[in-house]
Every structure is written in structure tokens, then in C-alpha cells.
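Dear colleague,

Please find the structure below, together with a short account of the findings.

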Amino acid sequence: MFDNAYWLRDAANKAVRRAKKLVGRPDNAPWILRPPGGTRGANAYVDFIVALDFIGNNAVLTRMFHQALSPYGLSLLIANKHNVRRLTEDLRHGRIKPHVLLDLCSACEREFGELLRVAAAAGIYTIGQPEKLERWTYKARAQQHLEDAGLPVPPTVVIRADQPSRELTLEERRAVGEACVIKPSWGVAGKGVMVNVRPTRENIDAARQFDPKDDYLVQRMIKWEKLGSRSAYVRGYNVLGHRTLLWWAPETKQYDLLTWEELQTYDLMGAIDLIDRMARLTGMDYFSSEIAITSGAGGQSRFVLIDYCNDQCDLNPITAQPDGLPEPWVRWACERFAEFVWRKRQGVEPAPGHTVWLANGTAAPAGDSSNVRMVTAA
């Protein structure tokens, strides 16, 4: 009976779309993408919702998600700017109840924050739990927790929003040095960040003009090395318990695959260990951290967390946007999300331990098992 109801709803939605198109008022909201020949689950109108404002059903990323989900018999719905309000009401009133919602947009768009909160309140598994986001993605709150856990973060002075700009004390100045970074706690894409400036009251005050209601961090500027021709800077990921690294060039904002051979040549296992420690500490399903690789001189850690915990990591491939991610990596990530949704639908617990995925030197497809190694969890 439930399956028939869902079939009828699909058919009704298609009829409405055709009618709107005929009268010159096409409906641009995404529709549910179902696996070819797949069955409809009686307990969910759709299995997986990906919330991202700027993509639709014809986007490259949507196609990659659909390709990863289809072998598991799972359906997909994109929540974008055209349908987010309607979906929020559908979730609030129980008209649809997916197994999993992946939030990639709530940090920037208020309507998507409401979608996330309503989904979590409805008992839907959300990748991006609201209570964890508030604790770990807001840098001023995370700073002390990370220090207490012994994680290598830059020496930092936090200026709270309700505090006036001031000169740092002598001790604070020694900690952050004479070349520092001043940035908002709730920064996105590097906006509002001042780099390589002196930690003076004037500079702190100037930085705070970007968002006077935010807390600000005054941090020692970390110098990273060169590894061959590359900047010694990586972005480490936890993707639902799986660890991975990508090269990240801060100067050009470009990603590149990091290979097993490079991991060994440059002794980068410490970066994976950092992500593992972050995952255990935060309990977050999906996040990335920028990691600078230094000389390790003067008692400084060789691996330093720069941007802490980014929870709504970009997934768009380079074929869709110039600063996007390598397609083999995106395919691998989509496969991990698909497997996770299938486990939630079937009630199957994840296997013990976790995997590490890096590219082979030949950049084999993400599904190639030779790219994946199992690591026993601590």
C-alpha cells in the first residue's frame, strides 16, 4: 500500500511539472532520483537527501551521488534553493522521512539551518549534528578544547565579541609572535582574514570590522615547508570513519590527489593520525582540517592544525568548478555516503576499524580496492 502511495505521488509530481512547463512556468525544484529498476522502501519516500543550495538534478555532483547510490537500490533527493522551504515542511509534518540527510549548506544559508534542525528533531540521521557543529566548528569555542586535548594548534589569543579591541599583553605577544593571522571565529572561505600582520590593537580593530558581532582569533602565523615542488600543506578528511588526505595549495586554492608513494616519501602518516584524533575527540561524521607541515624546529609540532574543523566540506568536482576536487576522490566519497545510507536503511553496523584512501601513482579509479587499506581502530 505504501509503495503504491509513493508511486502515485511520483506520478502526480511529474504531471504537475509537465503542466507548469506547458503554461510557461517550469518548476526548477529537483525531483526524486530513483535507481533503475529499484524498489521503493515502504518506510521512506526517499532514502537520502543532500542539502546544497546551488545544485540540481543535472549537476555533475548529483549524477555522481546517483551513480553511487543506485547499486544499493537507494533513492536521492537534492534540497536546493528552489525546494528547501517545502522540504522543511514535509519533514516537519512527516510527509517524507529519509534515512539520512547530508547538510552541506547550513553554515551559509539560514533556511538550510532550519532544514537541518527540523530533520534532526524528526529523528532523521543528519550528517552534521547541530549540537556538535556549535561546539567544534566555531573556532573560538573549539580552541581551548583542542589545546586541552593536546592537539597541535597555533598559539592563539581569543578576543570575544563583547570585549573591546586591545593591545596584547607581553606574554600573549611572545606567544603569537610579531607576524600573525587575525580571523573571525565563524569564517567561511577565508573571508575577513588578515594575514601576516602585527598583533596590534589597530590591526585587531580593523579585522573586526568584517563582522563586529563575531569573536576573533589572533594567531601565530605558521610557516609551512616545501615538499618537492609542492607547498607542504594538506587537507585531511574524515568521511564517515574513513581517513584520506589531499594536497591543498593555499596560494592557488587548488586540490590534487595525494598518493601512497608520497605518504611514504614525505612521512605524512602523522597527518592521518591528526585526523584520527580529531574524529575521536569531536565524534563528527564528516569534516576536514587544513594541516600545515613545518620543519618541526623549536619544539613546534611538524603537523599543525590551521583551520580546525570544517564540517560542510566542498564535494563539487573540478569538472564542475575550477577550484573543485579531483573526480576520483569525489567518486570515492560518494561511495562512502552510499554505503552509509544503505547501512542505515538495513540496520547494519559498520565494520570495525577504518580505512585510509589515497591515490595510487597511476591515479586509479576511486573504486579500485588497491587504493584502500584497512587500519585497526584504537
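In which loop is Asp267 found? Asp267 lies in the loop between helix H9 (260-265) and helix H10 (269-282); helices (H or I, at least four residues) and strands (E, at least two) are DSSP runs, numbered from the N terminus.

This is a predicted model, in which local features need pLDDT of at least 70 and side-chain atom pairs count only at pLDDT 80 or more, while totals for chains, interfaces and linings use all residues. Residues are numbered from 1 along each chain as its sequence is written, and side-chain values use heavy atoms, with hydrogens and water left out.

Asp267 is not a glycine, yet has a positive phi of about 55°. Asp267 is exposed, with a relative accessible area of 53% (buried means under 20% relative accessible area, exposed over 50%, partly exposed in between; 1.4 Å probe, protein chains only). Asn196, likewise not a glycine, has a positive phi of about 60°. Asn196 is placed in strand S7 and is exposed, its relative accessible area being 51%.

In helix H8 (residues 201-208), the buried residues are Ile204, Ala207 and Arg208. Viewed down the axis of H8, they fall within an arc of 100°, so they line one face of the helix (the arc is that of the directions from the helix axis to the C-beta atoms). The buried residues of H8 pack against strands S5 (156-159), S6 (180-184), S7 (194-197) and S8 (216-220), where contact means heavy atoms within 4.5 Å.

Yours sincerely
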